[in-house]
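Please keep the structure open beside you as you read.

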Amino acid sequence: MAKGKKLTTRAENYPEWYNELVKKADLAENSEVRGCMVIKPYGYAIWERMQAILDQMFKDTGHVNAYFPLFIPKSFLSREADHVEGFAKECAVVTHHRLMASPDGKGVVVDPSAKLEEELIVRPTSETIIWSTYRNWIQSYRDLPLLINQWANVVRWELRTRMFLRTTEFLWQEGHTAHATSEEAIEEAERMLGVYAEFAENTLAIPVIQGLKTERERFAGALETYCIEGLMQDGKALQAGTSHYLGQNFAKAFDVRFANKDNKEEFVWATSWGVSTRLMGALIMTHSDDEGLVLPPVLAPFQLVIVPIYRQDDEKELVLNKVAELAAELKAAGIRVKLDDDDTKKPGWKFAEWELKGVPIRLAVGPRDLANGKIEVARRDTKTKEVQDLDDTFIERMKKLLDEIQFSIYERAKNFREENTTQVDSWEEFKAQLDKPVPGFIFAHWDGTTETEEKIQAETKATIRCIPIGNPAEEGVCIYSGKPSRQRVMFAKAY
RNA sequence: CGAGGUGUGGCGCAGUCCGGUUAGCGCACCUGCUUUGGGAGCAGGGGGCCGCAGGUUCGAAUCCUGCCACCUCGACCA
């Protein structure tokens, strides 16, 4: 495994730091396929933790999993006008189904006789294929609500990609629900936004702002898009999850109707909601430092790593026996433990390696400790270490320490966000704030028009990330147009 | 899609301007010995059609033409 010793620091070059960290921590690497990454076992283990926890949250809120096709007939996509307009520019299209030996004898070419009658689109999202299916599943109000989620890969042919943050193919989950009333669908969209916010804060330890997108930033085909927004260490916002209230748009496009209790026919009300492997990027950019990844204990594939230290064979046996015993006790207490007994690496190497990989707690045990009944405990988040008594309360203390780390990195991220959240009341102030090294979240008055929104973006690259939920009403004037405004909205530069 | 840049053992690079024995360095890898509490040391060793295709030349990693790929930054987007 090729590895330089040090990461580029965040201060030197933030994007470079990010890329190096993703590769050196063994999370992912660029593949031979343009814009597509290989998620490596360690990175995938983190994603699997996210999946497991989210999946349980979905099930606890009444959802079930299903799976729909990867391919979508081209005609389906165009059924909903806004939807096709939103995705048309970034679709991978399957046109043929057979290859043949090349006439010049070199390799294979597409067999022109195997042209598809109707092209297939590799799904950029599944609303269309799912709603075409729901048509057959829903006849009566008794079939509602229909609460389905799928874990899948999707393809969006982006012009520029970055590992985890924006790749051509990415993994995600997409919930697609059908309801008898508008109220119920809105309630569902808001409920799932709440699930995402809870997951971000409790599992990922990422504080998020919940809000509504402006009309311009809305999902293609949605009446309302809810989102959670996190603030990364470089002062840019990252959209970490979205939940859409789709109204009856897709029901109308795919003719999905149901008989209500009064035996009147109505179109079904819809939501969709999703989070993707982009959460990995959010995780990295919220907590990690110049030494590498910092993982929240709830999510870490290994919560605690034990590094045994010894010189001669007799010491080795003594130490390994003791740490194996300790590892077993920690595991029995429900802690995910890695015992790094790799004999080909030195302790110093292991320390650096596990720091790079963000394991929350590291224990080091050598003959010296054994003789004194001690153990060295190092925290990844604070990079502090202390020698502790290895007594019968030790396991319990480690469990508490994991809780403390989870809480502590959340608090640290929240403090960072609060320190980098500002209110501005003039265009000059606004621009000055955006020119700072860490622009952060900026609350300012906006006249509510798309025109102004676009002009602000054109001049500053900042966008309205959301109109926060529960935003207080406040009379003011738009920082750009000077027109009246009833509330502040949240601006930021975004990923 | 615009602007820059880069393609040389697994990884990171030098060499290219000014063509000339056997293409070099660091890391990684293999063997052995010594080591092991913050990315070990010494000794020995293996691995390259220098992005691809043409061309110029006695001779090309180096010069010329064309192509391809990737990266960074912008515009567009989860």
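1. A residue is near the strand if one of its heavy atoms lies within 4 Å of it. Helices (H or I, at least four residues) and strands (E, at least two) are DSSP runs, numbered from the N terminus. H10 covers 347-356, and helix H1 (14-24), strand E19 (361-365) and helix H11 (367-372) are also among the elements that each supply at least two residues here.

2. A word on conventions. This is a predicted model, in which local features need pLDDT of at least 70 and side-chain atom pairs count only at pLDDT 80 or more, while totals for chains, interfaces and linings use all residues. Residues are numbered from 1 along each chain as its sequence is written, chains are lettered from A and ligands numbered from 1 in the order in which they are written, and side-chain values use heavy atoms, with hydrogens and water left out.

3. Around RNA strand B there are 41 residues, and the closest are Arg34, Arg160, Arg166, Arg278 and Asp369. By class, this surface has 19 charged, 14 nonpolar and 8 polar residues. Here Ala, Val, Leu, Ile, Met, Phe, Trp, Tyr, Cys and Pro count as nonpolar, Asp, Glu, Lys and Arg as charged, and the others, Gly among them, as polar. Of the RNA atoms within 4 Å of the protein, 44% belong to sugar or phosphate and the rest to bases.

4. Which parts of the RNA do individual residues meet? Lysine 346 has a side-chain N or O atom 3.4 Å from a phosphate oxygen of RNA strand B. Glutamate 353 places a polar side-chain atom 3.1 Å from a base nitrogen, and a backbone N or O atom of glycine 366 lies 3.4 Å from a base oxygen.

5. Strand E19 deserves a look of its own: 5 of its 5 residues are buried, where buried means under 20% relative accessible area, exposed over 50% and partly exposed in between (1.4 Å probe, protein chains only). Ile361, Leu363 and Val365 point one way, and Arg362 and Ala364 the other. In a regular strand the side chains alternate between the two faces of the sheet.

6. What does E19 pair with? Strands pair if DSSP finds at least two bridges between them. Strand E17 (residues 304-308) runs parallel to E19 over 5 bridges, and valine 305 has arginine 362 as its bridge partner. Strand E20 (residues 374-379) is antiparallel to E19 over 4 bridges, with glutamate 376 as the partner of alanine 364.

7. Serine 272 sits in strand E16 (residues 269-276) and is buried, with a relative accessible area of 2%. Its side chain makes a polar contact of 2.7 Å with that of glutamate 127. Such a contact is a pair of N or O atoms within 3.5 Å; within protein, one must be able to donate a hydrogen and the other to accept it, and residues adjacent in sequence count only if both atoms are side-chain atoms.

8. Finally, the aromatic residues. Rings of Phe, Tyr and Trp (its six-membered ring) pair if their centres lie within 6.5 Å; planes under 30 degrees apart count as stacked, over 60 as edge-to-face and the rest as tilted. The count comes to 17 aromatic pairs. Phenylalanine 58 and tryptophan 151 form a tilted one, 6.3 Å centre to centre with 35 degrees between the planes.
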